[in-house]
Amino acid sequence: MSSGEFVGMVADNPEQKISLKMFHSTIQNDHDAIANEEASFRSIPVITKVTDEDIRENYHKVKEDIQNLLFFELALLKAKNDTEQDESVKRGINETLSSDHMESNEEQGESMSM
């Protein structure tokens, strides 16, 4: 293919048949009109000069911010997990104490009935 040419193929569906599915065409440009239009373009003004050092500093700041965010979120998850484990341990102790208390009461009841 040459510059300015394009080809393609389209798909149809059973309800809307397309008889011409493949195409090949050429874009015809008016090069004089394009040149006149481009001549009227204005340059984009420089708002702020960005140096390589600015980019490097920004990169390191973003990297540090993400690292701090990860550490913070991991600390929150660890604290939540520790709290859940503490509650689980407390439940386990309470259940153990309750069952020991129940067994003790049952043993006392048995010894009293003998």
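The accessible surface of the protein chain comes to about 11,000 Å², and 56% of it belongs to carbon and sulfur atoms; accessible areas come from the Shrake-Rupley method with a 1.4 Å probe, and for residues only the protein chains shown count as cover. This is a predicted model, in which local features need pLDDT of at least 70, side-chain atom pairs count only at pLDDT 80 or more, and totals for chains, interfaces and linings use all residues. Residues are numbered from 1 along each chain as its sequence is written, and side-chain values use heavy atoms, with hydrogens and water left out.

**Fold and confidence**

- The protein chain has 2 helices and 2 strands, where helices (H or I, at least four residues) and strands (E, at least two) are DSSP runs numbered from the N terminus.
- Read from the N terminus, the order of the elements is β-β-α-α.
- The mean pLDDT of the protein chain is 84, and 83% of its residues reach 70 or more; pLDDT is the predictor's confidence in each residue, from 0 to 100.
- Among the elements, helix 1 (residues 31–39) has the highest mean pLDDT (94) and helix 2 the lowest (80).
- Where pLDDT is low, the predicted coordinates should not be read in detail.
- Buried residues make up 0% of the 114 residues in the protein chain; buried means under 20% relative accessible area, exposed over 50%, and partly exposed in between (1.4 Å probe, protein chains only).

- The structure holds 1 aromatic pair, counted when rings of Phe, Tyr and Trp (its six-membered ring) have their centres within 6.5 Å; planes under 30 degrees apart count as stacked, over 60 as edge-to-face and the rest as tilted.
- The partners are Phe 6 and Phe 23, with ring centres 6.1 Å apart and planes at 65°, so the pair is edge-to-face.
- Phe 6 belongs to strand 1 (residues 5–9) and Phe 23 to strand 2, so the pair ties together parts that are 17 residues apart in sequence.
- Met 22 lies in strand 2 (residues 22–26) and is exposed, with a relative accessible area of 54%.
- Not counting residues up to four places away in sequence, Met 22 touches Gly 8 and Met 9, a contact being heavy atoms within 4.5 Å.
- Met 22 and Val 7 are 15 residues apart in sequence, and their C-alpha atoms are 7.5 Å apart in space.

- Side chains of opposite charge can pair when their charged atoms come close.
- The count comes to 4 salt bridges, each defined as a side-chain nitrogen of Lys or Arg within 4 Å of a carboxyl oxygen of Asp or Glu.
- One of them joins Arg 56 to Glu 53, with the closest N and O atoms 3.1 Å apart.
- Arg 56 and Glu 53 both lie in helix 2, 3 residues apart, which is about one turn of the helix.
- Arg 56 is partly exposed, with a relative accessible area of 43%, and Glu 53 is also partly exposed, at 41% relative accessibility.
- Another salt bridge links the side chains of Asp 65 and Lys 61 (3.0 Å, N to O).
- Asp 65 and Lys 61 are separated by about one helical turn, because they are 4 residues apart in helix 2.
- Asp 65 has a relative accessible area of 38% and is partly exposed; Lys 61 is partly exposed with 47%.
- Asp 82 forms a salt bridge with Lys 78, the closest N and O atoms being 3.0 Å apart.
- In helix 2, Asp 82 and Lys 78 are 4 residues apart, about one turn of the helix.
- Asp 82 is partly exposed at 29% relative accessibility, whereas Lys 78 is exposed, with a relative accessible area of 52%.

**Nonpolar surface patch**

- Val 62, Ile 66, Leu 70, Phe 71, Leu 74 and Leu 77 form a nonpolar patch on the surface, with about 610 Å² of accessible area together.
- Patches are made of residues with over 30% relative accessible area and no salt bridge; like charges are joined within 9 Å, and nonpolar side chains (Val, Leu, Ile, Met, Phe, Trp, Tyr) within 5 Å.
- Val 62, one of the patch residues, lies in helix 2 (residues 52–113) and counts as partly exposed at 39% relative accessibility.
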